[in-house]
Amino acid sequence: MALLSLVLLAAAATPGLGALVEKWWDITFVNANPDGLFERRVVGVNGTWPPPPIELTVNDTLRVHATNKLDKPTTLHHHGMFFNKTSYFDGALGVSQCGIPPGQTFTYDVDVAGSGQWGTYWVHAHASGHYVDGLRAPVVIHNIPEAHDYDDEFTVVLGDWYHDQHADLLKKFISRGNPGGAEPVPDSALIYFSHNGVYLRSSTNPNAVGFSENATLPFEPGKTYRLRIVNTSAFSMFFFWIDGHDMRVIEVDGTDVEEFPASLLSLTVAQRYSVLVTARNDTSSNFLIHANMDTDMFDVVPDALNPNTTATVVYDKNAKTADGVDKDAYFDFPDISLVPTIKEPQQPATHQIVLNVLFDTMTDGTNRAMFNNITYNPPVVPSIFSELSLGKDAVQAQLYGPTSFVLNQFDVVEIKVVNFDAGKHPFHLHGHKFQIVHKSTDFTSDDPVLNPPLVEGQANPVRRDTVQVPSMGSATLRFVADNPGAWLFHCHIEWHLEAGLAVTLFESPLEAQKILKPPQFMFDQCAALGVPTVGNAAGHTGSDLDGLKLGPFQQKLGWRPKGIVAMTGCVLTAVLGMATVAWYAWGGHISDEEVEEEVRRRQAAKSARPSIFSRMRGKN
């Protein structure tokens, strides 16, 4: 057994007894300059940035006291955690809470032991774009013992970075001036590391966190390291590899898997992988760690952007670093080939949802995202409070708005995502991991390589919480509806979520009413923000949804009534114009003498008026 596993096992010598791990986070504005190019205001914690990493063991309970010292409501979402029986702690604004009012504190309880989860996760804001502005950090939950042996571990944080504030970028993105929907392109790529809950220092400044070229991983010859890699970006997918070293994947989004060799990893937004890397026995060279943005996702690559960032594996700080080795071609990592170490057979679906992905320019001139031709808008009443207050009517999906689905308890739910858009999208399900039971890279193709048939009865499909779906591709996901509450399913590119690429799943509403008991301070904070907590999505009883924001809507092509009237007017005007031309051609016009007389009359009238100079002289 690895040394790290022995240490963790000793720390939890009494099985089933975990610690209460409490964190006090003052969420504040601070200044930071992680890429060394531009200092800007960011959202940090306790006066620092990046927010501190969190490390736990499998039997612990995490309690985060989050005090909002910003100027807008915020939240914290512990990405990938199930929140069994406590979905109101999930942290999704408008779904599981109203938001933390400025100046107030929200206490999040994350029952790690109760959820039976371990692995690599992260925490980020789910409100007001604060995660784009920096409110994001890795979360590691150690199993006892771990499924794989290794000597030590590091967390590798990848992220894109903007020099402008999220609010300013969003105004430009969703505007009539951007009808094609070009997303804001990041200004930099970042890579940095943590070890045992502490960020590693810069190679040039021991008092600062090391970012990218100033970030180093210390390797000792012959040791095997676990690298937990997290993509915390708002937009960018990354390709990741280490020169001179092989990688073996052992975990995906909190699911332990059998070792799988990888020369390169692709991590879309919000995905996590753990890899084992065995250090070389030769210490004469150091080696580059590569994190290259997938620039295919960008409408344009600015001249000032370096999309390829590097850090360094250091064996000897006095040794030279070997020249970087690029890849001949990038490719998406085949996550569907991974085999979980804990077996869960595929079950036949009992409830199917098909979600077609589309972007379009809408009637208001902005470009929006849609599932099934409907763009998501947050409800007036946060979803969880509607689910808990509607009584027996809570099973009626229409009461929650047009982007809502009700699931029965223990349904085997199949979500098929079909991507008609020109770009790739990472889709994340709150409250669950799903099995990926089918993928297609071209759902229109008859080629079984590009569009294979879905195979039923799979012995042990891979399980994760975030999946990438390529342009004109599809993914079929399955999970059991065993976690009552209200859960988002959405694209994790922040700009696409803001543009409306989301739906809400209302899981076992009547059971949720029995077991979910939000604490009183949540209702108090909603009241402080003026947000209702009773009624349907619009805050009314019955089916009255007056006041619920809908749209904007797709433009309706073809002949509409107003267009027909306008065209009729144009045709009539043209006919009259042609008739007038004909009239003139046939002599139906005034004579030359009459024209000359009219010109003489106008000239005489003009001469009779005093000039501007005579008027000015008259005032002196």
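**Ground rules.** This is a predicted model, and I number residues from 1 along each chain as its sequence is written. I take local features only at pLDDT of at least 70 and side-chain atom pairs only at pLDDT 80 or more, with totals for chains, interfaces and linings using all residues, and side-chain values using heavy atoms, without hydrogens and water.

**Confidence.** I checked pLDDT, the predictor's confidence in each residue, from 0 to 100. The protein's mean is 91, and 87% of its residues reach 70 or more. Residues 1-15 stay under 50. For that stretch the model has 20 contacts (heavy atoms within 4.5 Å) beyond four places in sequence. Residues 609-620 are also below 50, with one contact beyond near neighbours in sequence. Where pLDDT is low, the predicted coordinates should not be read in detail.

**Helix 7.** Helices here are DSSP runs of H or I, at least four residues, and strands are runs of E, at least two; both are numbered from the N terminus. Which residues of helix 7 are buried? I call a residue buried under 20% relative accessible area, exposed over 50%, and partly exposed in between (1.4 Å probe, protein chains only). In helix 7, residues 520-529, the buried ones are Met522, Gln525 and Cys526. They sit on the same side of helix 7, because they cover an arc of only 105° around the axis. That arc is taken from the directions from the helix axis to the C-beta atoms. An α-helix has 3.6 residues a turn, so residues three or four places apart point the same way. Strand 6 (105-110) and helix 4 (383-389) are among what covers the buried residues. The face turned away from the buried side carries exposed Gln520, Ala527 and Ala528. Gly530 follows helix 7, with a positive phi near 75°.

**Backbone exceptions.** Most residues other than glycine have a negative phi, and most peptide bonds are trans.

- The bond from Trp49 to Pro50 is cis, with omega near 5°. Pro50 lies in the loop between strand 2 (40-45) and strand 3 (54-57).
- Gly551 and Pro552 are also joined by a cis bond, omega about 5°. Pro552 is in the loop between helix 7 and helix 8 (561-585).
- Asn196 has a positive phi, near 55°. Its loop runs between strand 10 (188-195) and strand 11 (198-199).
- Ser212 has a positive phi, near 50°. I find Ser212 in the loop between strand 11 and strand 12 (216-218).

Are these last two buried or exposed? Asn196 is exposed, at 54% relative accessibility. Ser212 is buried, at 4%.
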